[in-house]
Amino acid sequence: MNELNGQQKIAKSPWKRRFIILFILTVVLPMLAVVWLVQRFGGDVPVDYASPTEHFKYGSTGGEHEMGFPYWIWRVLPDVCPQYLPGKGYQSLGMVFEKNADGSDRDLPVGTSQRRYQGIDRVFVNCAVCHTSTVRTAADQPPTIVLGMPAATFNMKGFEEFFFHCAADPKFSKEFILPEIERQGGQLDLLDRYVVYPVAIAIMRDRVLALAGRFDWVSRQHAWGPGRVDTFNSAKVIFNFPMAHLDPDEFDAPADFPSLWRQRQRKEPQEMQLHWDGNNTTVEERNKSAAFGTGTTPPTIDLERISRVEDWILEVTPPSFSQFFPVDAELAQRGAPIYKAYCANCHGASGSDFSGELVGKVTPLAEIGTDRRRLDSYTYTLAVNQATLYAGYPWRFTHFRKTHGYANMPLDGVWLRAPYLHNGSVPSLRELLEPAAARPASFYRGNDVYDPLKVGFVSDQAQGNGPPFFLFDTTAPGNGNGGHTGKAYGTELSADEKTALVEFMKTF
Amino acid sequence: MSMRSCRNWFRAIGVVIIVTIVVGGVIGYDRGFRERPQPDWVTADFETRFKYGSIGAEHDAGIPYWIFYVLPRVFPEKLTQDGKVLPGGYASLGVPWEQGQELPAGFSKKTIGFPRVANNCAVCHTTSYRESPDANPVFVVGGPAHTTNVEGFFRYLIDCAKDPRFNADILMAEINRVTNLDFIDQLLYRFFVIPITKKRLLEREQQFAWIYRPDFPDWGRGRDDAMNLTKYFMIGAPMDDTFGPTDMPSVWNLKKYVWDKGHRMNYAGDSSDAYSVIMDSALGLLGAAPANKQEFVEQVQWLHSYLSELPPPKYPFAIDQAKAAEGKALFDANCASCHASELTGRPLALAEVGTDRGRLDSWNKGAAIKANQVVKEMGLERKGLVEEDLIGYVAPFLDGIWLKAPYLHNGSVPTLRDLLEPVGQRPTVFWRGYDVYDQARVGFVSDTPAAKRVGTRLDTGSIGGSNQGHEFGTALSAAEKEALVEYLKTL
């Protein structure tokens with residue numbers, strides 16, 4: 001219509017000038033405004049990294065679309081709600097921070113990614129948050145970051161609860177968050193300061209509180225402690241199962257984060273039963289399932305970037321024990337035949353050769369005898385519901401199956417995968433070789449100082465430099481340290497044989 | 001402006017309008033009504049076709065796929081059983097759901113403009129059993145769906161539609177979390193599909209009024225009030241006070257029914273033959289006259305031939321053959337006169353058996369005449385419902401009897417072993433629809449804590465739920481009963 005009016009008026013020269021003004025006001029200015037708005041709020045650009053390891057640490061899975069925290073909100077929340085953290089910053093939740101050149105911590109921990117979406121830089125977690133940790137050879141030594149190892153220090157329950165509690169706190173508002181951003185050097189422009197961030201704070205608060213409602217069952221669980229997550233009760237939240245009505249036997253099922261190395265050997269030459277209970281045989285499906293934990297949804301997942309991670313974990317290998325501590329080659333040599341006799345059939349010939357009749361297959365619960373809660377948390381009902389995930393996409397999930405035991409894992413980098421058993425209820429390999437009754441009834445988790453004798457993390461110290469470690473009680477539901485015991489499991493070997501066996505497993 | 005340029009303008013505008021209408025019409029047809037065949041794997045073999053193949057119910061009874069998909073996420077607390085919320089999405093309704101399948105057996109997905117979900121025969125005629133609580137279910141096609149809570153499903157959809165949160169804003173928000181609809185589908189869903197679906201589901205509420213009657217018990221898992229469904233839907237009869245819940249029947253080996261021998265189908269012998277039963281049941285699922293009559297008839301014919309030849313399942317656990325041989329003699333003496341004779345498959349006078357009469361009273365000759373009329377007016381040919389007064393229940397064939405628990409037409413006795421007890425000693429309360437098999441008593445486990453959590457409670461004092469009658473063989477000794485039951489496993 002505007003153009004039509006214009007054409008009629010343009011013929012009359014006294015109107016020409018007025019027309020131009022009108023044209024500018026009604027067409028040019030709005031168009032410029034639209035162009036500016038599109039530029040300011042359109043776009044969907046993640047921060048990318050050329051190196052596959054940097055991408056693993058900081059690359060995006062696409063989870064920021066749905067769950068991303070505006071960068072500055074993420075940054076200042078630990079200081080807005082310090083009372084909901086066990087100590088200072090995200091560090092106190094056991095998140096791993098790399099150092100800047102000046103020795104200070106980087107702005108974001110390993111396992112977080114950034115993406116500019118709808119005009120805001122957003123931050124959320126990626127794969128590395130649960131699959132990267134640190135090792136120290138002694139309490140006074142600097143930590144070494146190991147990619148792909150279980151995030152043994154990361155307190156995921158604490159992480160979730162921090163956001164849920166903070167969002168419910170009156171301080172989660174622009175009156176408290178904006179000044180804190182300014183104090184910490186966030187120089188928001190006028191638009192950010194008066195429009196974008198106030199709106200974002202309100203939206204985030206709603207979103208996190210909505211999620212808190214769906215996850216309120218977590219607060220009623222026994223503490224997971226660092227390095228563990230209740231994977232498949234969390235998966236039920238995807239379907240919005242009314243968790244308050246769940247069979248109580250399905251709860252309290254935390255399991256250790258797994259390592260991510262050598263995935264190719266888990267799909268070739270034959271597909272292994274993945275996850276602790278072996279409920280899926282497809283690496284790619286398992287990966288997409290895990291990516292729900294990084295906030296992705298079928299329409300928002302960034303498959304291109306996830307495939308970079310997938311490719312990398314196919315081949316990546318764990319660091320060897322000998323890079324950190326010496327291995328007694330002769331003793332290890334003596335352990336080799338013991339390993340072959342007792343362990344290889346289920347756990348593979350070595351840390352790099354996964355051949356073995358039962359490797360990657362499920363051992364029935366009655367036989368393995370380990371704590372059954374993780375198994376029971378995964379139900380047939382959940383399995384069939386999972387087959388609806390990614391409906392309408394060619395990669396709809398089709399491989400989830402209810403099993404009735406735990407899968408025999410290959411042992412690549414097993415020294416870094418302590419504590420042991422699916423629920424991390426045995427602190428060291430040496431202690432796993434003891435009958436259940438002789439294993440520690442309680443111990444501390446979350447220390448990254450390594451114990452090269454027992455082969456596991458130091459578990460008898462209540463505190464290191466940071467907040468106290470987590471006291472793991474094997475009598476709590478889901479924490480049982482029984483099973484994987486008896487003659488066939490090596491718990492009746494002599495002390496010398498056990499020492500030799502453990503030495504051999506240091507070579508994995 | 002000249003007349004000519006004015007005319008040109010009109011012409012141009014006219015062309016634009018016509019093009020818009022044509023393009024809009026094509027898009028509207030394509031996205032709203034165009035029928036696309038189901039993928040090949042569905043029809044690749046008879047069994048998948050039975051479980052997942054469309055029988056044409058998507059036209060009138062179909063639920064738009066994405067609405068169906070998100071409802072359990074938006075309204076999880078409405079999935080209830082015996083008044084308790086049961087987590088698990090549609091799986092909590094006990095539908096026979098195979099792992100790795102997008103939909104449970106008995107649910108077909110077909111695109112008619114947009115993907116829609118409807119039901120087929122398998123929803124009530126696919127069953128499952130488990131060897132132990134630590135085993136996965138084995139599904140048996142053609143078996144009575146003893147776990148499926150049909151009434152729960154009907155109610156769930158209506159209850160969702162009644163909720164003010166069943167609206168485009170809330171459903172679209174959830175749909176956008178799980179898929180990427182293009183702009184046209186977004187508009188279609190928001191302005192047509194969601195409001196129309198809500199309206200259609202709310203219309204069902206009036207038709208289904210009797211399933212909300214507080215004076216009737218829930219059907220529970222594995223049962224439906226079949227003839228009242230027919231009465232209220234097919235012939236639009238006014239609601240009466242009858243209530244006749246019955247177990248879903250098995251539909252294997254239908255060739256055993258021979259009209260000439262006096263065999264009649266359905267529990268009260270109210271239908272003439274298998275073909276009629278299949279057609280009438282399919283019409284029930286369609287909820288309307290078939291959109292394509294020829295296709296429909298072909299479907300019914302295929303089902304008829306498939307189910308005629310479908311063999312009954314063999315008992316999958318160990319059988320003590322010696323004991324079974326002893327049982328054979330007892331069977332011949334005590335059971336065969338009704339269950340393996342000329343009388344088998346024919347109605348017996350109710351007084352002779354004495355079981356609950358609710359189902360018998362829920363149907364009558366007048367209804368049969370009307371229903372036959374309705375089907376005839378659709379232009380469909382079949383022998384049809386029996387236009388006679390009904391005398392009692394049919395003495396059933398016992399092929400695959402081991403998988404047809406609970407027993408009697410109304411599923412009021414949990415196991416065969418219990419059925420051999422006098423009425424006074426049969427369980428008065430038990431839980432139906434838990435699929436762990438009880439090899440000792442021959443039937444499903446019905447009173448463990450797990451059975452109570454998963455199953456639905458049946459009180460034999462409830463309307464239509466009496467466990468009375470059929471007191472045959474109840475005087476045998478315990479050892480004889482064990483032997484007889486062992487033999488029944490072989491059928």
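**Exercise 1.** What percentage of residues 20–38 of chain A is helix, and how far apart are the end C-alpha atoms?

*Solution.* The model is predicted: local features need pLDDT of at least 70, side-chain atom pairs count only at pLDDT 80 or more, and totals for chains, interfaces and linings use all residues. Residues are numbered from 1 along each chain as its sequence is written, while chains are lettered from A and ligands numbered from 1 in the order in which they are written.

Step 1. Helices (H or I, at least four residues) and strands (E, at least two) are DSSP runs, numbered from the N terminus.

Step 2. Residues 20–38 of chain A are 100% helix and 0% strand, with 25 Å between the end C-alpha atoms.

Step 3. An unreviewed UniProt entry gives these residues as "transmembrane region"; such annotations use the numbering given here, have shortened feature names, and may be inferred rather than shown by experiment.

**Exercise 2.** Determine the strand order of the open sheet in chain B and identify its edges.

*Solution.* Step 1. The 4 strands follow the order β1-β5-β6-β2 (chain B), with antiparallel pairing; two strands pair if DSSP finds at least two bridges between them.

Step 2. β1 (35–36) and β2 (63–64) of chain B each have a single partner strand, so they stand at the edges, with one side lacking a neighbour in the sheet.

Step 3. β1(B) pairs with β5 (residues 107–112) of chain B over 2 bridges in the antiparallel sense. Within this pair, Glu35(B) lies opposite Ile112(B) of β5(B).
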